[in-house]
Amino acid sequence: MIFSIMPLYIKITDIMKIENITLAYGNKNILKDANIHIDPGEFIFLIGGSGSGKTSFIKMLIWDLRPKSGKFFATEDRDVYAYTEKELLAYRRNIGVIFQDYKLLRSKTVRENVSFAMEVSGYKDSYIAEKIPEILSRVGLLHKKESFVETLSGWEAQRISIARALIHDPDIIIGDEPTGNLDPRNAEEIIDLLLELNAQGKTIIIATHDDRIVNRLRKRVVTFKDARIVSDKENGVYEL
Ligand SMILES: Nc1ncnc2c1ncn2[C@@H]1O[C@H](COP(=O)(O)OP(=O)(O)OP(=O)(O)O)[C@@H](O)[C@H]1O
Ligand SMILES: [Mg+2]
């Protein structure tokens with residue numbers, strides 16, 4: 001589907017209120033009766049053992065996994081899963097997602113990867129040409145603009161996926177193990193970039209297994225275990 005570029009989006013995501021949400025695949029419950037409220041500008045880590053439901057929870061946030069029951073509000077009054085197509089588009093544009101496997105086109109250049117993502121979002125060529133240098137410099141990749149993805153290191157590739165998450169200048173950035181494939185130094189760089197975005201007012205939600213980063217930052221930590229959210233702490237540490 002191609003959308004014409006709309007200069008004025010409906011501002012839909014100020015908060016995220018998850019109330020008694022149950023997530024399931026078939027009749028296997030992944031998360032039961034979860035409650036969590038996320039305010040604008042928060043920085044949150046989602047932790048938990050492998051298979052504890054972090055990715056499923058993120059899928060729910062980006063409209064990829066409809067809850068079996070419960071309520072999920074991104075504005076005061078309407079459930080996200082009851083949105084019209086137009087509301088959903090506005091909602092999704094306000095969320096940038098960073099995937100661990102990058103989801104990049106490996107035989108294309110850095111610039112082509114970002115412009116392709118913008119094209120499929122319906123942006124005009126002139127706008128794309130104008131915006132790309134700004135987005136790439138934001139993630140420190142402008143000098144690699146014409147490099148092919150297959151020649152990049154893991155952390156450079158991860159920066160492209162962050163660049164793509166920033167296309168719509170979203171208020172919310174969600175990362176599913178964004179530092180998972182990186183060595184500690186490069187992982188720190190990605191985290192610094194996320195902290196910078198958070199300082200600009202963006203909400204950051206990160207699923208991670210990286211205890212060092214969680215313990216250093218002392219942000220809000222939400223822990224998933226046995227299909228439950230078992231703890232939700234400000235200034236939290238990595239504790240399973
Ligand atoms: N598409 C699917 N169909 C059926 N079951 C699934 C599907 N995706 C995930 N699961 C199951 O749901 C549970 C939660 O998986 P999920 O990927 O959300 O965990 P996770 O916390 O992200 O794990 P990890 O830390 O390994 O990424 C697991 O038992 C998994 O096997
Ligand atoms: Mg996962």
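User: How many of the 240 residues of the protein chain count as buried?
Analyst: Of those 240 residues, 52% count as buried, meaning under 20% relative accessible area with a 1.4 Å probe and protein chains only. This is a predicted model, where local features need pLDDT of at least 70, side-chain atom pairs count only at pLDDT 80 or more, and totals for chains, interfaces and linings use all residues. Residues are numbered from 1 along each chain as its sequence is written, chains are lettered from A and ligands numbered from 1 in the order written, and side-chain values use heavy atoms, without hydrogens and water.

User: What does the C-alpha trace span along its principal axes?
Analyst: About 45 × 40 × 35 Å for the protein chain.

User: OK, ligand 1. Which residues come nearest?
Analyst: Ser50, Lys54, Thr55, Ser56 and His209, out of 13 residues around ligand 1; a residue counts as near if one of its heavy atoms lies within 4 Å.

User: And which polar side-chain atom lies 2.7 Å from an oxygen atom of ligand 1?
Analyst: One of His209. The side chain of Lys28 has an N or O atom 2.9 Å from a ligand 1 oxygen, and for Glu177 the distance is 3.3 Å. A polar contact here is a pair of N or O atoms within 3.5 Å.

User: How much of ligand 1 does the protein bury?
Analyst: 62% of the 640 Å² that ligand 1 exposes taken alone, by the Shrake-Rupley method with a 1.4 Å probe.

User: Which element gives the largest share of the shell?
Analyst: Helix 1, with three residues; helices are DSSP runs of H or I, at least four residues, numbered from the N terminus.

Definitions and conventions
Polar contact = N/O pair within 3.5 Å; in protein donor to acceptor, adjacent residues only side chain to side chain. Helix = DSSP H or I, 4+ residues; strand = E, 2+ residues; numbered from the N terminus. Buried < 20%, exposed > 50% of the residue type's maximum accessible area, 1.4 Å probe, protein only.
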